[in-house]
Amino acid sequence: MNAPVAPLFTVARQREVVAALKAAVPAHCVLFDEEDTRPYECDGLAAYRQLPMVVVLPENEAQVIAILKTCYALQVQIVPRGAGTGLSGGAMPIADGVVVSTAKLSKIVHLDKYARTAVVQPGVRNLAISEAAAPYGLYYAPDPSSQIACTIGGNVAENSGGVHCLKYGLTVHNVLRVRMVTIEGDVVELGNAGLDAPGLDLLAVFIGSEGMLGVVTEVTVKLIPKPQQARVIMASFDDVVKGGNAVANVIAAGIIPAGLEMMDKTSSRMVEPFVKAGYDVDAEAILLCESDGTEAEVEEEIGRMREVLNASGATAIAVSQSEAERLRFWSGRKNAFPAAGRISPDYYCMDGTIPRKKLAEVLLGIARMESKYGLRCANVFHAGDGNLHPLIMFDANLADEFHRAEAFGAEILELCVEVGGTITGEHGVGIEKINSMCVQFSPQEREAFFQVKRAFDTAFLLNPDKAIPTLHRCAEYGKMHVQRGQINFPDLPRF
Amino acid sequence: MESTLQEFNARIVAASAAKTPLQLRGGGSKDWYGQAARGEVLDTRSHRGIVDYEPTELVITARCGTPLAEIDAALAAHRQVLAFEPPRFDGNATVGGMVAAGLSGPGRQFCGAVRDFVLGVDLMDGQGQILHFGGQVMKNVAGYDVSRLLTGSLGTLGLLLQVSLKVLPQAFSSSTRVYEVSQEAALHLLNDWGGQPLPISASAWVNGVLTIRLSGAQAAVDAAEKQLGGSELSNGDDFWRDLREQTHAFFAEPEPALWRVSLPSVAAPLDLPGVQLIEWGGAQRWYRGSASAVSIRAAAQAAGGHASLHRGGDKSVGVFQPLAPAIAKIHHRLKASFDPAGIFNPGRMYPDF
């Protein structure tokens with residue numbers, strides 16, 4: 001596995017860092033006893049654990065600045081952390097480092113219904129923003145499946161999406177401004193209350209930077225009007241290729257559905273006993289296709305979608321007739337991960353994105369890998385945007401199974417890169433997929449990423465050793481950078 | 001194609017070694033934009049052509065020198081569009097220049113800006129290396145989002161060789177409505193409507209007339225027409241094209257200089273002597289008048305935004321709003337890493353950059 005062996009910190013070093021932090025922030029904000037730091041040893045990727053030397057929970061921006069200046073002076077490495085729901089180990093601590101938790105920065109500073117913006121601290125939960133905006137008929141669009149728990153600071157770090165991002169975009173499309181503190185203690189505002197800011201688009205590069213460029217202290221998000229109505233079509237197909245083609249046909253018909261999801265038979269059979277969503281468990285693929293807008297608009301679009309799905313060979317079609325039914329149709333898809341946890345002691349969720357036309361090829365490849373590694377895999381697919389979540393089922397108590405699951409996952413990601421896709425669509429690289437970065441990016445590209453990091457974090461102290469692998473690590477991993485089909489310039493030296 | 005890339009590589013390597021500036025240029029349709037260009041021209045138009053376009057994937061990939069007109073034609077054949085409606089200006093605009101300049105048209109209000117649609121780029125950096133960032137898929141968080149950092153960078157970080165863009169279907173139906181209202185009333189209406197689920201895809205206020213475009217499903221457009229009233233503008237498409245291309249009468253005279261002021265949509269009307277045209281639901285305000293650069297910038301900043309000298313005028317006042325020191329520091333480090341010899345479009349964005 002990728003988790004590094006823990007180099008133990010010395011008691012003297014811990015005392016030094018704790019004393020310096022206590023001089024910077026109130027003592028109750030600094031945790032260092034093992035019983036207090038234990039809850040921070042991992043994020044949503046629980047297979048990777050590391051007890052941190054110190055955890056600090058600032059209560060305001062001045063304290064964040066003081067913490068960063070202290071760590072900079074002492075050359076202590078920092079891991080910023082939101083709610084810890086991330087699935088790629090991006091918030092896994094460093095043994096002799098400090099975890100900076102934004103949990104106490106949880107105020108909605110200002111919600112402006114007229115301007116349709118909310119200014120929030122990083123520890124505000126994603127769903128809490130939409131709840132606060134609901135009385136005004138507004139909401140915050142990105143809805144990652146963990147939205148009940150995950151925070152906006154973490155969403156900014158990961159550029160989180162959700163099931164509606166084909167139509168409504170990712171975090172990067174819905175954040176206007178980020179206020180953050182650099183490792184040197186500078187307060188920097190990226191973007192602003194308008195739609196753009198002068199100079200380079202640093203906001204865009206900061207979003208999705210996995211806590212490696214700065215610590216967020218405030219975020220301004222866009223709020224949008226809540227559609228009056230949403231309805232979903234559930235369509236069955238006797239062949240996954242037909243399901244994939246149906247998705248392409250919907251798009252070709254000029255429709256951008258609010259949600260467009262696909263599940264394979266393994267997935268629907270896995271979730272149906274669990275949630276009783278009414279899924280057709282004999283179908284090879286189930287498609288969920290949502291329309292939102294005014295009642296008349298939805299009626300028109302549903303009609304158009306139904307026609308396309310029928311023409312694409314759907315074997316059964318059901319349209320939600322009530323909000324309760326809509327939620328029931330979705331419940332299976334939204335509970336795919338817990339359902340995998342119910343039928344298997346452990347599961348490993350992958351997150352590649354592929355050009356949709358390669359779906360059949362990739363699913364076939366995954367099926368071959370199931371026999372190669374002797375493990376089962378269920379596939380759920382954000383079909384509209386090509387983001388595939390294979391859920392590999394294994395038993396962590398059998399040491400060999402974990403290794404096989406890891407190798408299985410890495411091979412899926414390589415296949416995603418080979419067909420012109422990417423190793424992560426929305427979960428981030430973190431520590432989990434750091435080796436697979438060697439496959440997707442050349443040494444020169446990885447060096448460019450390091451240079452971007454250095455432009456923000458000159459001291460290389462913010463969440464180092466995540467997301468971007470060193471040359472050394474890639475050499476050890478021993479897999480070559482895969483050239484994508486489109487950009488072969490065979491005669492040009494690639495250095 | 002390889003020979004073109006080899007030629008670009010050779011010129012960049014030589015320019016870096018000699019520390020002589022290169023002016024990266026497509027069709028030259030935006031030569032007037034930004035600070036004055038200097039250096040020997042590197043014309044990107046020899047590297048052209050659509051590399052890949054899959055309508056059902058909603059992605060088009062094209063080489064930097066491809067004329068936007070070629071992209072438009074390819075998309076139109078499948079009833080798709082660049083939803084941010086980039087200006088074509090004199091018709092020579094290229095896709096590389098469009099991404100480098102980062103200018104969006106009327107569609108920006110609802111659909112997003114150029115940067116929101118850039119999925120990936122191939123870049124030739126100051127060492128002549130080809131670097132690939134992002135990709136051809138819509139969801140991609142592997143590595144930092146350098147493609148979007150390069151969007152609007154005015155060619156200061158490197159030569160964009162190829163870009164992949166998200167495209168969208170054309171709206172099934174659209175309609176343009178006009179209302180005779182004051183600027184204040186127009187701003188109020190736009191922000192009020194913005195909070196309701198209405199299919200408003202573009203807006204403009206000028207000369208006491210507010211014009212809006214409704215786009216979407218026929219039923220949505222019909223319902224919004226009924227709700228919002230106003231009267232129909234029959235040649236609506238021409239109006240939005242003139243706005244996008246800045247051929248509307250407001251932009252016709254070369255003097256006084258044209259300023260672009262980017263503000264929160266709810267900001268009160270700018271109290272500056274002269275005329276204004278408002279777009280993007282109130283978030284983009286064009287100004288021409290006698291106010292000094294200092295007072296325009298001060299007004300923009302006080303309202304929570306920034307101002308740039310978009311076209312004409314005396315560029316010695318600085319085209320773009322000066323950066324806060326902590327931000328400027330990051331800019332300089334990024335420049336130094338992508339373009340260590342400082343050869344790419346030096347001074348085009350800021351005099352020292």
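**View 1. Leu82(B), a buried loop residue.** With 23 C-beta neighbours inside 10 Å, Leu82(B) counts as buried in this predicted model, since 20 or more is what that label takes. The residue sits in the loop that links strand S5 (80–81) to helix H3 (95–101) of chain B. Skip the residues up to four places away in sequence, and what Leu82(B) touches is Leu75(B), Phe117(B), Leu165(B) and Val167(B).

**View 2. An open, eight-stranded sheet in chain B.** Reading across, the strands come in the order S13-S10-S12-S11-S15-S16-S14-S17, and the pairing is antiparallel. Which strands stand at the edges? They are S13 (231–232) and S17 (306–311) of chain B; each has a single partner strand, so one side of each has no neighbour in the sheet.

**View 3. Strands S14 and S16 of chain B, with a helix lying across.** Here we zoom in on one pair from that sheet. S14 (residues 258–262) and S16 (residues 284–289) of chain B pair in the antiparallel sense, over four bridges. Helix H10 (residues 293–302) of chain B lies across S14, S16 and S17 of chain B. What angle does H10 make with S17(B)? The helix runs at about 135° to that strand.

**View 4. Ile392(A) in the largest nonpolar core.** That core has 258 residues, and the ones with the most contacts inside it are Leu287(A) and Ile392(A). Its largest share, eight residues, comes from helix H15 (residues 399–418) of chain A. Who surrounds Ile392(A)? Setting aside neighbours within four places in sequence, Ile392(A) is in contact with Tyr347(A), Tyr348(A) and Met350(A), then Leu375(A) and Cys377(A), and finally Ala405(A), Phe408(A) and Gly409(A).

**View 5. Stepping back to chain A, for context.** Chain A has 18 helices and 19 strands. Its radius of gyration is 23 Å, close to the 23 Å that the globule rule gives for 495 residues, so chain A is as compact as a globular protein of that length. Taken along the principal axes, the C-alpha atoms fill a box of roughly 70 × 55 × 50 Å. Of the 495 residues in chain A, 57% count as buried. As for contacts between residues at least 6 apart in sequence, 73% of those in chain A join residues at least 24 apart.

Conventions:
Residues numbered from 1 in each chain as written. Chains lettered and ligands numbered in written order. Predicted model: local features only at pLDDT ≥ 70, side-chain atom pairs only at ≥ 80, totals over all residues. Helix = DSSP H or I, 4+ residues; strand = E, 2+ residues; numbered from the N terminus. Rg over C-alpha atoms; globule rule 2.2 N^0.38 Å. Buried ≥ 20, exposed ≤ 12 C-beta atoms within 10 Å, placed from the backbone. Contact = placed C-beta atoms within 7 Å. Core = buried A, V, L, I, M, F, W, Y, C linked by C-beta atoms within 7 Å. Pairing = 2+ DSSP bridges. Axes fitted to C-alpha atoms, helices over the stretch in contact; angles between N-to-C directions.
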